[in-house]
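This report describes one structure for a reader who has not seen it before. Please look over the sequence and the model first.

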Number of protein chains: 2
Amino acid sequence: MMGTAPTAAPASVTEKLATIGFGLTPQRHQVYQVLLDRPDHPTAEEVFFRAKETRPEISLATVYNCLDALVRCGLVNQVNVDRSATRFCPNMREHTHFFCEGCGGIFDLDLTAADALGGLEMPRGFKAMHLELSVRGLCRDCISRQTG
Amino acid sequence: MMGTAPTAAPASVTEKLATIGFGLTPQRHQVYQVLLDRPDHPTAEEVFFRAKETRPEISLATVYNCLDALVRCGLVNQVNVDRSATRFCPNMREHTHFFCEGCGGIFDLDLTAADALGGLEMPRGFKAMHLELSVRGLCRDCISRQTG
DNA sequence: CTATATGCAAATAGTTTGCCTGTTA
DNA sequence: TAACAGGCAAACTATTTGCATATAG
């Protein structure tokens, strides 16, 4: 049930998946491609609908499995906003997320938490390993919609 | 079905609830008290079990409703860690959460994101309204457990 | 031929809602 | 006795899992 192998799978994707003992299947390729095509941080369900345009037989469970594999092998990041559905992001550069309170959009900002937080000291005894910074506010469009 | 009114309800709690048109019921008081008693960021279910020790008849749905009221009126903060159950925090000072990867504990750090991020500039057109900073790492106990 | 992965459907976790009843002002 | 709230159970959403089948190597 694996269909045809993708014609031009970037070696790195295959290699990345191999690091967790997984192969590159057409579905995994398709799911990753959907994320690359429009990096607007879709939910699993949104990925499912977009992937179906190309592979109508793909199932939601498979999309979840593929996303999980892509996350585990380091090709994709998960973005959790409150309790709503997890969103997915193929941008693996360290960056900050901007959540627009107006339209609900998520934008990538080229800010690293580490840069911004250079002077930050942890309390004695705590060891910080990963800083995560998120920003809420209004995006360009929502601001002009408000003022205009 | 409201039982006995709490003997010494701080006026501020009553007032806060009033701002959203809600009264202070014994259950709401109890749920808030549970959070104050041990500010270890329990889940709704954990709050439920602790509240039952004092009011065995309280229901989980009521705990959810009470927590929701407390959050909406500004007495309690929600803390979302990945997809796991929402945790609750009665500390309304601006602060940063430290997530221990060792024990899963959540600790309040007296760091404000705003202080740390004074120099941060948003891309042109974006308006930052709320910065949220979270830190992952190892807490004191987990470090000594590792080394020791 | 065998390991791996898919698709489907059922299960699960966390949370919310509807409805009826009880309590308080 | 009206308005508000609680308790219970059912509903709901997002996600995961079990299982039979299909495919690639």
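Leaving aside its neighbours within four places in sequence, which residues is A:Leu67 in contact with? The model that gives the reply is a predicted one.

## The nonpolar cores

A:Leu67 is in contact with A:Val31, A:Leu35, A:Ala44 and A:Phe88, when neighbours within four places in sequence are set aside. A:Leu67 also belongs to the largest nonpolar core, which has 21 residues. Those with the most contacts inside this core are A:Val31, A:Val63, A:Leu67, A:Leu75 and A:Val76. Four helices of chain A each supply at least two residues of the core: helix 1 (11-18), helix 2 (26-37), helix 3 (44-54) and helix 4 (60-72). Helix 4 of chain A gives the largest share, five residues.

## How the two chains are related

Two copies of a chain are related by a rotation about an axis and a shift along it. Here, chain A is superposed on chain B by a rotation of 180 degrees with 0.0 Å of shift along its axis, and the RMSD is 0.1 Å. The two copies are therefore related as by a two-fold rotation axis. In chain A, the C-alpha nearest the axis belongs to A:Leu133, at 2.2 Å from it. Both copies use the same surface, as 100% of the contact residues of chain A recur in chain B.

## The contact between the chains

The contact takes 34 residues from chain A and 34 residues from chain B. Between them, the two chains bury about 3000 Å², with 61% of it on carbon and sulfur atoms. On the side of chain A, the residues that lose the most area to chain B are A:Arg83, A:Phe126 and A:Arg140, and together they account for 20% of what that side buries.

What links the chains across this contact? There are 10 residue pairs in polar contact between chain A and chain B, counting pairs with both residues at pLDDT 80 or more. The count of salt bridges between chain A and chain B is zero. Strand 4 (106-109), strand 5 (127-138) and helix 6 (140-147) of chain A are the elements that give two or more residues to the side of chain A that touches chain B. The largest share of that side, 12 residues, comes from strand 5 of chain A.

## A buried threonine in a loop

A:Thr86 sits in the loop between strand 1 (77-79) and strand 2 (87-89) of chain A. Is A:Thr86 buried or exposed? A:Thr86 counts as buried because its relative accessibility is 9%, and the cut-off for buried is under 20%.

The side chain of A:Thr86 makes a polar contact with the side chain of A:Asn80, at 3.1 Å. Not counting residues up to four places away in sequence, A:Thr86 touches A:Pro42, A:Thr43, A:Ala44, A:Gln78, A:Val79 and A:Asn80, and also B:Arg83 of the other chain.

## Salt bridges

Side chains of opposite charge can pair when their charged atoms come close. Over all chains, the count comes to 16 salt bridges. In one of them, A:Glu57 pairs with A:Arg55, and the closest N and O atoms are 2.6 Å apart. A:Glu57 is exposed, with a relative accessible area of 53%, whereas A:Arg55 is buried, with 15%. Elsewhere in chain A, a network of salt bridges links A:Arg38, A:Asp40 and A:Arg50.

In chain B, B:Arg136 forms a salt bridge with B:Asp82, with the closest N and O atoms 3.4 Å apart. B:Arg136 lies in strand 5 (residues 127-138) of chain B and B:Asp82 in the loop between strand 1 (77-79) and strand 2 (87-89) of chain B, so this pair ties together parts that are 54 residues apart in sequence. The side chains of B:Arg136 and B:Glu101 also meet in a salt bridge, at 3.9 Å from N to O. B:Glu101 lies in the loop between strand 3 (96-100) and strand 4 (106-109) of chain B, so its pairing with B:Arg136 in strand 5 ties together parts that are 35 residues apart in sequence. B:Arg136 is buried, with a relative accessible area of 17%. B:Asp82 is partly exposed, with 41%, and B:Glu101 is partly exposed, with 49%.

How values were computed:
Residues numbered from 1 in each chain as written. Chains lettered and ligands numbered in written order. Predicted model: local features only at pLDDT ≥ 70, side-chain atom pairs only at ≥ 80, totals over all residues. Heavy atoms only, no water. Core = buried A, V, L, I, M, F, W, Y, C linked by side-chain atoms within 4.5 Å. Buried < 20%, exposed > 50% of the residue type's maximum accessible area, 1.4 Å probe, protein only. Contact = heavy atoms within 4.5 Å. Least-squares fit on C-alpha atoms with pLDDT ≥ 70 in both. Buried area = accessible area lost by both parts, 1.4 Å probe. Salt bridge = Lys/Arg side-chain N within 4 Å of Asp/Glu carboxyl O. Polar contact = N/O pair within 3.5 Å; in protein donor to acceptor, adjacent residues only side chain to side chain.
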